[in-house]
Amino acid sequence: MGAYNACAGLPPVLIPLNIRAETPVTYHAPLADMSFALKYGTSLLPALEEGLLGDLTMDDVEAVLAEAGRMAAEVIAPLDRVGDRVGATIKDGVVTTAPGWKEAYDAWRKGGWNGLASPAEWGGQGLPQIVNAACTEMWNGASMAFGVGPLLTMGAVDALNVHGSDALKRSYLEKLVTGEWMGTMHLTEPQAGSDVGALRTRAERAGDGTYRIIGQKIFITYGEHDLTDNIIHFVLARLPDAPPGTRGISLFLVPKFLLNANGSLGARNDLRAHSIEHKLGIHGSPTCTMVFGDHGGAIGFLIGEENAGMACMFTMMNRARLAVGLQGVGVAERATQQAIAYARERKQGRTPGMAAKESAPIIAHPDVKRMLITMRALTQAARSIGYATALALDRAERGADKTARETGHARASLLTPLAKAFSTDIGIEVASLGVQVHGGMGFIEETGAAQLYRDARIAAIYEGTNGIQAIDLITRKLPLDGGAAVETYLAELRSIVDAVNATNDPALGWSGLRLEEALDSLTRATRWMLAHLEKDINQALAGATPYLRLFSIAAGGCLLAQQALAALRLNTDTGSRVVLARFFAENIVVHAPALERAIVEGSGGVLAADAALAD
Ligand SMILES: Cc1cc2nc3c(=O)[nH]c(=O)nc-3n(C[C@H](O)[C@H](O)[C@H](O)COP(=O)(O)OP(=O)(O)OC[C@H]3O[C@@H](n4cnc5c(N)ncnc54)[C@H](O)[C@@H]3O)c2cc1C
């Protein structure tokens, strides 16, 4: 027995009744917040005016987002719970997704969402990354377990489009763009996690231009499933004569089904899912152990050059890192919506002056208000950083000249670790606060708050752990262009603070001062980092994580302040935007000087940790 979730114009999705009974649809797309962040937190409006995005208008963008929001809320979100409760299952190597998931995926891809930002020549819609970023947030707000599949396919499309041969593109790209086939990313092996260079999967030249892939990969998201009739694996492997480490890794396209000359599905390739993991969250997505080469080797096709696989994979991973960051934003948004709704309903205790017989909704208690506004402010700050990163990617792709494209690339490179690590860290923090707002009911699975907390946890781990992101930020991104990329960004943030100070508007409270202190801390900590990269790299590495946090709260605070200034200028939405920016500056940005001390003064203590960690 099932109930149909009717949604105009979309195929019905079957949801088992016993699960549906306890699963209210709890996600709605926060279109107003998203639009405000796009327009005033990320400078999308000037970008549209200068023609960076062709003839696209803000009305177009908002129309796309409204339609995506409907898809996310009405088709994907209702299936999130069944994904968590039933999960994906495996029998004899065949993986089956939860009831309703295939229908939802079909509806989603037929809507053209997979190819939103892919090139039109391959069946995509050619829209900018910034629009895709907002949509990615929504798919993942509706269901992280659903959203993680497409984000990998989109990364695969990028890698193939940039690095693949014409023949490979002709055979595979269009179906990946339309989502008719899904793509996967195979890096991890038991001994090779963060240290990708330790991987052992072998690739042997077959003598006919193809390769044979032999080995085992673990933790492969959507490595096997029933959502699409072919799965295109992007596999890192090592040739017999390859140099050691990351310089000896090549990238191969390895399809589940080989293609006949006319493009139709042919023989099954020599690869299989051995098992799927039992995990803390995102149960709807199968996480597979994959075996290649039971019968001599899976047929693989080289992407790019031999031994240059890491560069190709980085194309795939950089987009995926932003998208994983947007998973953090999406899950934080959903946790916030749910917590606010619960706090309005749940009555406990009295507020001062209330009659003895009455009881107040918990949202009336200042401590609960603090939790809720913290959730909202962290979410909106992370969203703004994510969208700013996406717009930088658009500048890198579409800038008018080489200098503009290089500047966009440098900005995207600088912001990507923030967009990934800060957003996924706050995804966990916000989901945890969501459990707290629900009290004991948050710990009980029925409300769904616990699921969000469980789901959020993985995003800080995959696509490069957040520790690795912090190391990437200080070792690769700060030194970009001799430090010019970060200096330019700091100067831009400084101009926002100057504008806050210039308004002198009492509604912004201590914002100007707190942001100024934070930027001073960030500037000093940046110089300290750059100096210590040269003279004592261990000190710098020990401070990497607090540095990423300091950078993120300073940048997030400025982007929220920019939105508050716009609200004041336009006299619109002033309540929410100004209060949020002020709260963030006075309660979160205020930690910046302490983080600076943890970096500059505390790193020595970290390096002395061995003494305290002895048995
Ligand atoms: C649900 C799920 C889905 C996944 N999907 C995929 C997928 O589709 N494809 C894929 O290839 N992989 C996938 N992974 C694997 C994931 O990317 C890895 O788990 C992740 O990269 C971390 O590697 P690891 O687990 O080996 O941890 P380790 O590398 O052992 O790290 C353990 C800890 O040590 C820290 N650490 C490690 N090295 C350093 C260092 N040099 N400096 C400082 N700190 C360090 C890490 O930050 C971490 O905190 C998935 C994992 C899970 C759980």
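Tutor: Helices (H or I, at least four residues) and strands (E, at least two) are DSSP runs, numbered from the N terminus. This is a predicted model, in which local features need pLDDT of at least 70, side-chain atom pairs count only at pLDDT 80 or more, and totals for chains, interfaces and linings use all residues. Residues are numbered from 1 along each chain as its sequence is written, and side-chain values use heavy atoms, with hydrogens and water left out.

Student: In which loop is E463 found?

Tutor: E463 has a positive phi of about 60° although it is not a glycine. Most residues other than glycine have a negative phi. The loop that holds E463 lies between helix 13 (449–457) and helix 14 (466–477).

Student: Is E463 buried or exposed?

Tutor: Buried means under 20% relative accessible area, exposed over 50%, and partly exposed in between (1.4 Å probe, protein chains only). The relative accessible area of E463 is 12%, so E463 is buried.

Student: How does N307 count by relative accessibility?

Tutor: N307 lies in the loop between strand 14 (298–303) and helix 9 (309–345). Its relative accessibility is 27%, so N307 counts as partly exposed.

Student: How many of the 27 residues of helix 18 are buried?

Tutor: Helix 18 comprises residues 544–570. The helix is mostly covered, and the number of buried residues is 22.

Student: At what angle do helix 10 and helix 18 pack?

Tutor: Axes are lines fitted to C-alpha atoms, for helices over the stretch in contact, and angles run from 0 to 180 degrees between N-to-C directions. The axes of helix 10 (residues 366–398) and helix 18 are 9 Å apart, and the angle is about 95°.
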